[in-house]
Amino acid sequence: MDSTFSEYNFDPHFPICVQRQNLDRFELHWHSYIEIIFTLAGSLVITANGNTFNLDAGDFCVLNSGSIHSICHNGQPNDTLLLQVSTSKNSPFFNLGSLRIDHIAYLKDLQERKVPQQVLQQLLLAIYREYQSHNAGYENMVLSFVNMFLGIMIRFHYLIPKEPDDISYSNNLGRLNAILHFVDKHYDERLTLSDIAKQYHINYYYLSHFFKNISGVSFQEYLTRVRLNKSMQRLSDPQKTITEIAYEVGFPNAKAYTTAFKKKYGVQPSKYRDTIPANNVVSSPYAETMPCDIADGILSDNGAETLIRSILQIL
């Protein structure tokens with residue numbers, strides 16, 4: 001996936017999207033909606049606003065609207081639910097745009113086993129099941145479960161009002177977006193932070209701090225990530241040599257490309273190329289199944305009744 005701002009066209013009458021995927025690599029990007037990532041199997045590495053953490057099976061994270069983040073798997077297939085909730089002006093969830101996730105409070109309670117984790121997991125699975133069923137009234141059921149999930153997050157003070165620093169952060173996204181678009185267009189050229197500073201008439205030192213503070217990574221690290229990401233599709237072409245790919249994506253030589261690739265992915269590009277299927281399609285072995293240890297209770301006939309009872313007990 002290319003970097004920068006991404007968006008989803010929500011149905012104005014049903015401002016929710018639920019997807020189930022074997023996630024690949026998503027470089028730095030952000031969007032105007034809230035996104036919940038729930039790992040059913042496998043694991044993911046999430047970098048959000050400069051903080052990096054692992055999502056193992058059963059873990060989920062909530063990403064604010066405007067939160068700059070990237071997603072990477074650990075080389076193994078994963079089975080992941082993505083729940084996207086619109087916070088546009090016409091959405092019933094518009095007020096959520098003024099809230100942010102308090103990761104410190106959430107992680108602290110998670111460590112102390114104070115988070116109603118099982119109930120939140122069951123709600124996410126119930127959302128997925130109803131969304132897929134298209135049974136009569138499924139839209140109302142999905143909206144109800146989403147409201148329950150978010151209501152619990154607010155009740156436990158994991159979703160809290162944004163502060164002035166958060167608003168200032170959001171205002172800087174437009175400038176960063178322009179810079180990332182420029183990089184995405186010129187990544188294959190000899191590109192430096194000085195070039196960016198001149199292009200946008202910004203002081204070099206200010207830009208260096210600005211980029212690191214907003215994106216969470218240095219400009220050079222980001223540029224390397226983009227080039228590595230662009231090289232992935234080219235590696236599936238057996239006619240291209242490693243040296244050709246290195247030059248095409250902006251590395252000065254094959255050695256620099258190989259070193260950067262191995263540092264990020266733990267394997268040389270030539271070895272990674274050997275693992276790419278002939279049709280260049282990697283499917284998840286979990287495509288038709290849901291881990292029973294996570295979904296237990298929701299898939300039973302009285303799952304909804306059990307879920308409601310569990311929610312009432314924690315409130």
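Let's start with two helices: H2 (residues 117–133) packs against H3 (residues 138–155) at an angle of about 160°, and their axes lie 9 Å apart. (Axes are lines fitted to C-alpha atoms, for helices over the stretch in contact, with angles running from 0 to 180 degrees between N-to-C directions; helices are DSSP runs of H or I with at least four residues, strands are E runs of at least two, and both are numbered from the N terminus.) That angle makes H2 roughly antiparallel to H3, a label for angles over 145 degrees.

This is a predicted model, so local features need pLDDT of at least 70 and side-chain atom pairs count only at 80 or more, while totals for chains, interfaces and linings use all residues. Residues are numbered from 1 along each chain as its sequence is written, and side-chain values use heavy atoms, leaving out hydrogens and water.

What holds the contact between the helices? On the H2 side it includes Leu120, Leu123, Leu124 and Ile127, and on the H3 side Val142, Val146, Phe149 and Met153 are among the residues involved. Contact here means heavy atoms within 4.5 Å.

Now look at the largest nonpolar core, which has 40 residues. Such a core is a set of buried Ala, Val, Leu, Ile, Met, Phe, Trp, Tyr and Cys residues joined through side-chain atoms within 4.5 Å, buried being under 20% relative accessible area with a 1.4 Å probe, protein chains only. Leu83, Leu124 and Phe149 are among those with the most contacts inside it.

Key: Angles under 35 degrees count as roughly parallel, over 145 as roughly antiparallel, 65 to 115 as roughly perpendicular and the rest as oblique. Buried means under 20% relative accessible area, exposed over 50%, partly exposed in between (1.4 Å probe, protein chains only).
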